[in-house]
Every structure is written in C-alpha cells, then in structure tokens.
Amino acid sequence: MEFKVSKIVKSLGRRRVSSVRKWFQADRGPDLCIGKRLWKTVTPPKMQFFGWLAWRGRVKTSEFLHKIGVLDDQVSVLCPLCSNAIESISHVLLHCPLVWRVWSDLVNWWGMCWVIPCTVEDLLQWWVGVKLKKNERKLWNLVPIVMLWSVWKLRNEKVFSGRPPNFVELVDLVKSRIAFWAYSNIVGMQYSVQDIVINLHQVRQCLG
Ligand SMILES: [Zn+2]
C-alpha cells in the first residue's frame with residue numbers, strides 16, 4: 001500500500017481524475033461507503049486524496065513523523081496551531097480548539113448541532129449518515145473534504161512559511177471554496193457563490 005500511496009502522490013499533479021477514482025475503488029473494505037461518498041464529491045482530486053489520507057490515518061503530522069523516526073527528539077511535536085497538545089491527526093484536524101470552532105461554525109451554517117467526534121473516521125461516518133435530498137447531499141459532502149484540506153493547508157503555511165493562522169478568515173475561505181465547487185459542478189445549481197455562502201438555508205430548501 002505504501003507503494004500505491006507514493007505512486008498516487010507523485011502522479012496527482014498530472015494524472016486524470018479517473019486514476020484517483022480507480023484507486024478509491026481498489027481500496028475495498030468495511031468502510032467502502034465513506035470512500036464512495038468521498039469520491040462522489042466534486043472537489044479537486046488533491047482535496048479528495050487528502051480526505052482519504054485523513055480518513056485512513058495517514059496524514060504526516062509531527063506525532064506520526066516522530067513515531068517513524070523522521071523527527072528527532074529535539075523537534076517539538078506540539079500542534080503548530082495552538083501549541084497546547086501533541087499534533088495527532090485527530091487533534092490538528094478536529095479537536096484543536098481553534099479548528100473545532102471552525103467546524104462548529106460550518107455545522108451551524110447548516111443549521112445543525114453536533115457532538116464533536118473522536119476521530120476523522122467517526123466524523124466521516126456521521127457525515128455520510130445524515131439524511132438529505134440528492135443535491136443537498138452533494139453540497140453537504142463537500143464540507144468535510146474542503147475543510148480537512150483547508151486546515152492542513154493552513155497548518156503547512158504556519159509550519160513552512162511561519163504565517164500566523166487566521167481562523168476567522170478560514171471560515172469564510174472554506175465556505176467560499178464549498179460554494180465555488182458547488183456552483184461550478186452541481187448540475188442545475190441556480191444560485192451564485194454569494195447566495196450559497198450567505199443564504200445557505202434558502203438555497204437548500206430549493207435544491208432537489
Ligand atoms: Zn492545536
């Protein structure tokens with residue numbers, strides 16, 4: 001599987017979407033439903049691939065790199081966003097207080113309440129289990145894929161460029177990315193990116 005992962009990573013920039021689809025389909029297991037749903041989103045393959053890594057626990061966090069001996073003992077394994085906990089996958093993508101607040105804003109944007117899940121896998125299990133209409137579902141499925149990728153991008157900007165994370169900006173950015181991909185790719189979408197961001201409740205009522 002490690003061979004497959006590195007092969008896909010190297011080729012993501014130039015391969016067609018069909019390559020990623022085949023790869024998702026090849027990864028059969030008890031959670032295939034999540035994989036199928038992840039694939040059915042209309043986000044770019046790089047976002048879907050990151051969602052897959054997060055789902056399978058293969059994101060290269062500081063904790064992970066330390067465990068496999070890539071980082072030595074002198075290098076901090078604390079979360080680069082809050083500096084208050086070890087940077088595990090579930091912490092940096094879900095439980096970090098700053099990140100959790102963004103997730104909550106997104107769930108509230110949908111007019112829903114939730115209890116934060118223990119792991120990314122639990123999050124996605126819950127996500128795909130929510131009952132929605134067909135086109136609402138397409139929009140809904142975009143949320144975790146875009147959010148996971150956006151958080152990791154923000155984290156990398158802090159780690160590699162020293163850019164301070166702005167979580168207020170992140171909420172707007174994630175909503176705009178979701179709206180853009182929905183507007184561009186969901187057949188029959190009659191609403192603008194701005195409509196989706198600002199009037200999601202009304203847009204959902206009109207979606208089939
Ligand atoms: Zn943190």
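**Helix packing and the zinc site**

Guide: In this predicted model, helix 8 and helix 9 pass each other in a right-handed crossing. Helix 8 spans residues 120–129 and helix 9 spans residues 134–161; their axes come within 10 Å and cross at roughly 165°. Angles over 145 degrees count as roughly antiparallel, and helix 8 and helix 9 are therefore roughly antiparallel to each other. On the side of helix 8, the contact is formed by Val120, Leu124, Trp126, Trp127 and Val128. Helix 9 contributes Arg137, Trp140, Asn141, Val143, Pro144 and Leu148. Sorted by class, the residues of this contact are nine nonpolar, one polar and one charged.

Helix 9 also packs against helix 7. The axes of helix 7 and helix 9 come within 12 Å, with a crossing angle of roughly 155°, which makes helix 7 roughly antiparallel to helix 9. This crossing, too, is right-handed. Here Val99, Val102, Trp103 and Leu106 of helix 7 meet Val143, Pro144, Met147, Leu148 and Val151 of helix 9. The contact of helix 7 with helix 9 comprises nine nonpolar residues, with no polar and no charged ones.

From helix 7, the contact involves Leu98, Val99, Val102, Asp105, Leu106 and Trp109; from helix 10, it involves Phe167, Leu170, Val171, Val174, Lys175 and Ile178. These residues divide into 10 nonpolar, no polar and two charged.

Finally, one may turn to the zinc ion. Its donors are the SG atoms of Cys79, Cys82 and Cys96 and the NE2 atom of His91, at 2.1 to 2.4 Å. Along the chain, these donors follow the spacing C-x2-C-x8-H-x4-C. Cys79 lies in the loop between helix 5 (62–67) and helix 6 (89–95), while Cys96 lies in the loop between helix 6 and helix 7 (97–109), so the pair ties together parts that are 17 residues apart in sequence. The four donor atoms subtend angles of 103 to 114° around the zinc ion, which makes the arrangement tetrahedral. For four tetrahedral donors, the ideal angle at a metal is 109.5 degrees.

How values were computed: Residues are numbered from 1 along each chain as its sequence is written. This is a predicted model: local features need pLDDT of at least 70, side-chain atom pairs count only at pLDDT 80 or more; totals for chains, interfaces and linings use all residues. Side-chain values use heavy atoms; hydrogens and water are left out. Axes are lines fitted to C-alpha atoms, for helices over the stretch in contact, and angles run from 0 to 180 degrees between N-to-C directions. Helices (H or I, at least four residues) and strands (E, at least two) are DSSP runs, numbered from the N terminus. Angles under 35 degrees count as roughly parallel, over 145 as roughly antiparallel, 65 to 115 as roughly perpendicular and the rest as oblique. A crossing is left-handed if the near helix is turned anticlockwise from the far one by less than a right angle, and right-handed if clockwise. Contact means heavy atoms within 4.5 Å. Ala, Val, Leu, Ile, Met, Phe, Trp, Tyr, Cys and Pro count as nonpolar, Asp, Glu, Lys and Arg as charged, and the others, Gly among them, as polar. Donors are N, O and S atoms within 2.8 Å of the metal (3.2 Å for Na, K and Ca); water is not among the atoms, so sites may look incomplete. Four donors count as tetrahedral if all angles lie between 85 and 135 degrees; four count as square planar and six as octahedral if opposite donors are over 155 degrees apart and all others between 65 and 115; anything else is irregular.
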